[in-house]
Amino acid sequence: MGLLSRRSLLAAGAAAGSVAATQGASAQGGGVFGNPDRPAEGRINTTPDAFSDPGPKNPGLTSQFPSFQDPPATDVAGMDLFWASFNNAHKRVQSGGWAREVTQADFAVSNAVSGVNMRLSTGGVRELHWHQQAEWAVMVDGQCRISVLDVEGRPAVRDLKQGDLWYFPPGLPHALQDLGPSGAEFVLVFDNGRASEFNTLLLTEWMAHTPPEVLAENFDLPVDAFKNIPIDDLWIYQGPPPMALADAQAAVRTPLGEPDVEYTFSMIDMKPSKITKGGEVKIIDSRNFPVSTNIAAALVTVKPGGMRELHWHPNADEWQYYITGQARMTVFNTGPKAQTADFCPGDVGVVKKSFGHYIQNTGTTDLVFMEIFKDRQYQEVSLSQWMAGTPPDLVASHLNMDPKLLAKFRTPRVVVPS
Ligand code: MN
Ligand code: MN
């Protein structure tokens with residue numbers, strides 16, 4: 001077997017996690033194409049006996065993580081865990097809906113943002129509240145109404161559908177209300193990894209913890225007017241059917257008018273920012289959604305067999321929310337370290353600022369996920385664009401490649417076909 005074909009076999013074996021016929025061939029040395037580590041890691045570099053795993057296990061759980069069970073030979077272990085999920089997050093369930101969250105308390109690497117997955121029942125309400133963090137959100141099911149007040153005292157009421165976004169700057173008071181006919185579900189991102197959905201400033205709690213005579217004086221009403229206010233918080237509750245949008249907007253109208261920024265954005269109606277054979281990307285940040293000054297987002301669709309190309313983000317950590325399909329991501333850091341993980345719908349990933357990564361669609365349907373950054377702008381550096389933008393003699397001498405092949409690097413890409 002010639003060197004080239006053996007190298008190809010090793011690369012193919014490593015990619016498929018195959019023990020293959022080469023098993024043991026490089027067990028001593030490593031250090032070949034597709035299998036570079038010294039000491040060598042990965043199944044291809046060991047024996048079936050050493051690879052075996054006879055101890056206690058939960059097959060339902062382990063089968064969800066093929067890349068943790070059997071990492072590619074190009075992986076080098078030792079990276080902070082960058083996988084988390086809403087699927088195994090505890091739900092707080094009340095009449096009117098539920099919420100679960102992934103915060104830095106459970107997911108150490110995620111210090112920039114935290115995430116919340118919330119559902120409101122038909123007519124469910126998330127009570128009037130505010131918090132120190134900015135709140136970005138994407139609707140994943142149903143229809144929802146938002147009510148918000150800006151710092152000039154100007155109210156806005158808007159109705160949203162699946163795929164729409166909202167953004168509330170820190171401290172602006174707001175409420176969420178399902179519009180029916182079958183409930184609303186969304187994912188919230190707070191611009192602080194420690195922020196929790198269960199730790200927000202609630203209207204009912206402040207009212208209950210203010211002396212009645214102070215309430216009376218503040219609102220210029222008799223004390224008696226407040227005798228039935230709730231003593232406990234509502235947080236999420238089953239509300240009345242919502243008013244018609246026009247009636248709700250008319251009821252809050254003031255001479256001050258409406259806020260001069262829009263707090264909502266229709267992502268579904270937006271044209272893709274980039275389209276390739278392998279998929280498309282929509283980028284939503286303060287350039288097209290001006291109020292979103294501290295969260296930038298991208299909605300990525302990767303077709304079966306496609307891949308989100310090798311790249312990194314120079315300005316911020318990436319927080320990912322997987323919506324449909326199956327994915328495998330490898331993250332690269334100094335060390336060298338490289339670690340591969342698998343993602344399903346409802347899972348969350350984090351890639352630290354400037355760490356290299358790529359994401360493969362490992363399923364048979366479209367892979368759709370969101371990339372979230374705590375920054376005013378989406379930014380990325382593409383490995384292939386960098387190679388195309390570097391003098392070819394320099395690239396060729398680094399990679400020991402035929403300079404004629406480097407022209408391939410010049411193809412513009414974000415999501416690449418297989
Ligand atoms: Mn909120
Ligand atoms: Mn990325």
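Me: Which residues coordinate the manganese ion (ligand 1)?
Reply: This is a predicted model, in which local features need pLDDT of at least 70 and side-chain atom pairs count only at pLDDT 80 or more, while totals for chains, interfaces and linings use all residues. Residues are numbered from 1 along each chain as its sequence is written, chains are lettered from A and ligands numbered from 1 in the order in which they are written, and side-chain values use heavy atoms, with hydrogens and water left out. Donors are N, O and S atoms within 2.8 Å of the metal (3.2 Å for Na, K and Ca), and sites may look incomplete because water is not among the atoms. At 2.0 to 2.3 Å, the coordinating residues are His129 (NE2), His131 (NE2), Glu135 (OE) and His174 (NE2).

Me: What spacing do the donors of the manganese ion (ligand 2) follow in sequence?
Reply: The protein donors of this ion are His311 (NE2), His313 (NE2), Glu318 (OE) and His357 (NE2), lying 2.0 to 2.2 Å from it. For the manganese ion (ligand 1) the pattern along the chain is H-x1-H-x3-E-x38-H. For ligand 2 the spacing is H-x1-H-x4-E-x38-H.

Me: Is Glu135 buried or exposed?
Reply: Buried means under 20% relative accessible area, exposed over 50%, and partly exposed in between (1.4 Å probe, protein chains only). His129 has 2% relative accessibility and therefore counts as buried. With a relative accessible area of 1%, Glu135 is buried.

Me: Which residues does Ile372 contact beyond its neighbours within four places in sequence?
Reply: Ile372 belongs to strand β24 (residues 367–373), where helices (H or I, at least four residues) and strands (E, at least two) are DSSP runs numbered from the N terminus. Its relative accessibility is 2%, so Ile372 counts as buried. Taking contact as heavy atoms within 4.5 Å, the partners are Trp136, Val189, Ile295, Ala296, Ala297, Asp317, Glu318 and Trp319.

Me: Which element supplies the largest share of the lining of the second largest pocket?
Reply: A pocket is found on a 1 Å grid over the protein atoms alone, as an open set of points where a 1.4 Å probe fits, with protein on both sides within 12 Å along at least five of seven lines; lining residues have an atom within 4 Å of a point. This one is lined by 30 residues, and those nearest its centre include Leu128 and His174. Among the elements that each supply at least two lining residues are β7 (144–149), α5 (203–208) and α7 (245–252). The largest share, five residues, comes from β5.

Me: How many disulfides does a search of the whole structure find?
Reply: A disulfide is a pair of cysteine sulfur atoms within 2.5 Å. Cys144 is buried at 0% relative accessibility, and Cys344 counts as buried at 16%. The number of disulfides found is zero.

Me: What percentage of the residues of the protein chain count as buried?
Reply: The chain has nine helices and 26 strands, and its C-alpha trace spans about 90 × 50 × 35 Å along the principal axes. Of its 418 residues, the buried share is 46%.
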